[in-house]
Amino acid sequence: MPDTVVKLLARRNPQMAMLRAELGRTRLVDSGKARTQLGWQPRPTEQTITDTAATLIAAARKDRAA
């Protein structure tokens, strides 16, 4: 979302107002420590997207059945 939109929304929305301090900041993070110390490996993107879609479809079916 563009910074300008966040600033406009922040005038009326307290949750958006909390984001104002983060505008323009760059955060550099990586998972190197989790990989080396914990042996963590991220899931493949394709698997994550497929699993997310399956979960959303199942939830929609459950909502329709209820």
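How many of the 21 residues of helix 4 are buried? The count is zero, and helix 4 is hardly covered. This comes from a predicted model.

Helix 4 runs over residues 45–65. At 1.5 Å a residue, its 21 residues should span 30 Å.

One is a patch of positive charge, where Lys-7, Arg-11, Arg-12 and Arg-20 gather. Of these residues, Lys-7 is placed in helix 1, while Arg-20 sits in the loop between helix 2 (14–19) and helix 3 (32–38).

The other patch is nonpolar and is formed by Met-1, Val-5 and Leu-9. Together these three residues have about 280 Å² of accessible area. Met-1 belongs to the segment before helix 1, which covers residues 3–10.

| Residue | Relative accessible area | Class |
|---|---|---|
| Met-1 | 66% | exposed |
| Lys-7 | 42% | partly exposed |
| Arg-20 | 44% | partly exposed |

The classes follow from two cut-offs: buried means under 20% relative accessible area and exposed means over 50%, with partly exposed in between. Met-1 has 66%, so Met-1 counts as exposed. Arg-20, at 44%, is therefore partly exposed, and Lys-7 is put in the partly exposed class because its value is 42%.

Lys-7 also gives a distance along the chain and through space. Lys-7 and Leu-28 are separated by 21 residues in sequence, and their C-alpha atoms are 23 Å apart in space.

Note on methods:
Residues are numbered from 1 along each chain as its sequence is written. This is a predicted model: local features need pLDDT of at least 70, side-chain atom pairs count only at pLDDT 80 or more; totals for chains, interfaces and linings use all residues. Side-chain values use heavy atoms; hydrogens and water are left out. Helices (H or I, at least four residues) and strands (E, at least two) are DSSP runs, numbered from the N terminus. The expected span of a helix is 1.5 Å times one less than its number of residues. Buried means under 20% relative accessible area, exposed over 50%, partly exposed in between (1.4 Å probe, protein chains only). Patches are made of residues with over 30% relative accessible area and no salt bridge: like charges are joined within 9 Å, nonpolar side chains (Val, Leu, Ile, Met, Phe, Trp, Tyr) within 5 Å. Accessible areas come from the Shrake-Rupley method with a 1.4 Å probe; for residues, only the protein chains shown count as cover. A salt bridge is a side-chain nitrogen of Lys or Arg within 4 Å of a carboxyl oxygen of Asp or Glu. Lys and Arg count as positive and Asp and Glu as negative; His and the chain ends are not counted. The place of a charge is taken as NZ of Lys, CZ of Arg, CG of Asp or CD of Glu.
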